[in-house]
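Student: Let's go through the terms one by one. I want each label set against its cut-off.

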Amino acid sequence: MNRKVRTLLFSTLYPSSVRPGHGIFVETRLRELQKLERSETRVVAPVPWFPSSSPRFGAWARFAATPHEEERNGFRVYHPRYLLPPKVGMNIAPLMLALGARATVARLIREGFDFDLIDAHYYYPDGVAAALLARWFGKPFVVTARGTDLSLIPDYPLPRRMILWTAARAEASIGVCEALMQRLGSLGAEGSRLRVMRNGVDLERFKPLPRSECRRELDLPEEGLLLLSIGHLVELKGHHLAIDALAELPGVRLAIVGGGEMRAELESRAAGLGVADRVTFAGARPNTELRRWFGAADALVLASSREGWANVLLESMACGTPVVATRVGGTPEVVASSEVGELIDEHSGPGIAAGVRALFGRNPSREAIRRYAEGFGWEPTSRAQVELFTQIAANSATAAR
């Protein structure tokens with residue numbers, strides 16, 4: 001193809017002006033792809049319909065407040081609404097998503113953006129919905145798996161059948177780590193259609209900064225070891241285990257960056273263990289501010305019970321900060337050297353504490369950690385993406401002739 005390949009990015013995991021941090025990793029991959037100047041993209045990011053934007057309705061109110069169209073970082077983003085009924089929502093979500101987006105997709109084509117393929121993110125329900133849209137509009141499609149969409153959701157029989165139906169029809173299934181594609185293959189997907197395209201890290205945004213300067217800016221004590229735990233305050237992220245670890249690490253402090261439903265519970269846990277004076281709850285922070293937190297910390301702790309490809313690990317290492325992480329999902333593929341971190345098998349506070357002691361027993365070099373992270377730039381993934389998309393578009397055009 002001589003012209004740019006035109007893609008329709010389809011996912012409920014995409015940021016908006018109302019939820020700027022939601023699905024930031026999908027937007028980042030698109031922005032990096034655009035740097036090659038070989039593709040043109042519109043984004044369709046549906047949100048559940050809700051009748052009121054009153055703050056008392058929490059997350060549902062933010063759905064209602066989401067604009068129907070907006071411009072973000074040079075991309076036109078459309079947010080059609082779809083119905084998500086309670087109780088039966090999980091099983092019918094793919095159909096509701098596709099029906100909700102259908103008019104928007106038709107309008108884009110009618111207005112001149114006759115895209116070459118659909119680039120869907122998150123296998124269920126988004127990927128299944130993309131398969132329906134692809135059938136209705138006669139377009140090829142690919143689906144990128146990112147974590148629980150393959151590690152957890154296929155445990156349910158009906159979603160598993162729909163995922164395999166989608167995988168059989170997709171031009172390619174892309175995993176952000178090898179573990180996810182092994183999982184999809186074990187479910188019965190055809191191996192020749194499975195691709196691994198890992199996430200990269202923005203090496204300009206995330207780079208080493210002076211520790212003392214970062215601590216002063218964040219109003220943190222300048223002396224002593226500081227651990228950092230980042231992510232939504234939900235159980236699967238394991239913040240509670242990082243707090244438990246402090247009971248076995250005298251004098252060590254912990255900063256927790258993230259917002260969510262468990263904050264009060266985590267504060268109570270810290271108080272009950274007598275470590276509340278060593279825990280800082282920083283709340284949710286924009287991705288652009290995280291490098292100061294990485295710079296201030298002596299190590300990142302990621303105590304998740306499930307992960308696909310955890311971007312936060314690469315962001316930390318790009319800042320020269322070592323990591324202690326549970327051995328789950330794609331994490332061993334990210335932390336593949338003992339010089340950059342410690343993988344732990346025991347998912348517990350004592351296990352994390354032992355990992356922290358083992359890490360600092362090796363006295364990790366921040367310079368060596370940064371060099372390791374520099375091997376994870378975005379360009380190889382972006383080139384693999386655009387080459388795949390261009391080939392799919394060319395094959396589709398040939399078939400149409």
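Student: Why does Arg42 count as partly exposed?

Tutor: First, the basis: this is a predicted model, where local features need pLDDT of at least 70, side-chain atom pairs count only at pLDDT 80 or more, and totals for chains, interfaces and linings use all residues. Residues are numbered from 1 along each chain as its sequence is written, and side-chain values use heavy atoms, with hydrogens and water left out. Now the label. Buried means under 20% relative accessible area, exposed over 50%, partly exposed in between (1.4 Å probe, protein chains only). Arg42 has 24% relative accessibility, so Arg42 is partly exposed.

Student: What makes Arg42 and Glu40 a salt bridge?

Tutor: The rule asks for a side-chain nitrogen of Lys or Arg within 4 Å of a carboxyl oxygen of Asp or Glu. In Arg42 and Glu40 the closest N and O atoms are 3.5 Å apart, so the pair qualifies. Glu40 is partly exposed, at 30% relative accessible area. The rule gives a count of 25 salt bridges.

Student: How do you know that Glu190 and Arg193 form a salt bridge?

Tutor: The N to O distance is 3.6 Å, so the pair passes the rule. Glu190 is partly exposed, with a relative accessible area of 46%. Arg193 is also partly exposed, at 27%.

Student: Why is Glu342 called buried?

Tutor: Glu342 has 18% relative accessibility, so Glu342 falls in the buried class. The side chain of Glu342 meets Arg362 in a salt bridge (2.6 Å, N to O). This pair links distant parts of the chain, 20 residues apart: Glu342 is in strand E16 (residues 341–344), and Arg362 is in the loop between H14 and helix H15 (366–373). Helices (H or I, at least four residues) and strands (E, at least two) are DSSP runs, numbered from the N terminus. Arg362 has 36% relative accessibility and is partly exposed.

Student: What makes Glu69, Glu71, Arg76, Arg107 and Glu111 one network?

Tutor: Salt bridges that share partners join these five residues.

Student: Why is helix H9 described as mostly covered?

Tutor: Helix H9 spans residues 239–246, and eight of its eight residues are buried. Among them are His239, Leu241 and Asp244. The cover includes strand E11 (226–230), helix H10 (263–272) and helix H14 (349–361).

Student: Where does Phe57 lie, and how exposed is Phe57?

Tutor: Phe57 sits in the loop between strand E3 (47–48) and helix H2 (59–65). The relative accessible area of Phe57 is 32%, so Phe57 is partly exposed.

Note on methods. Contact means heavy atoms within 4.5 Å.
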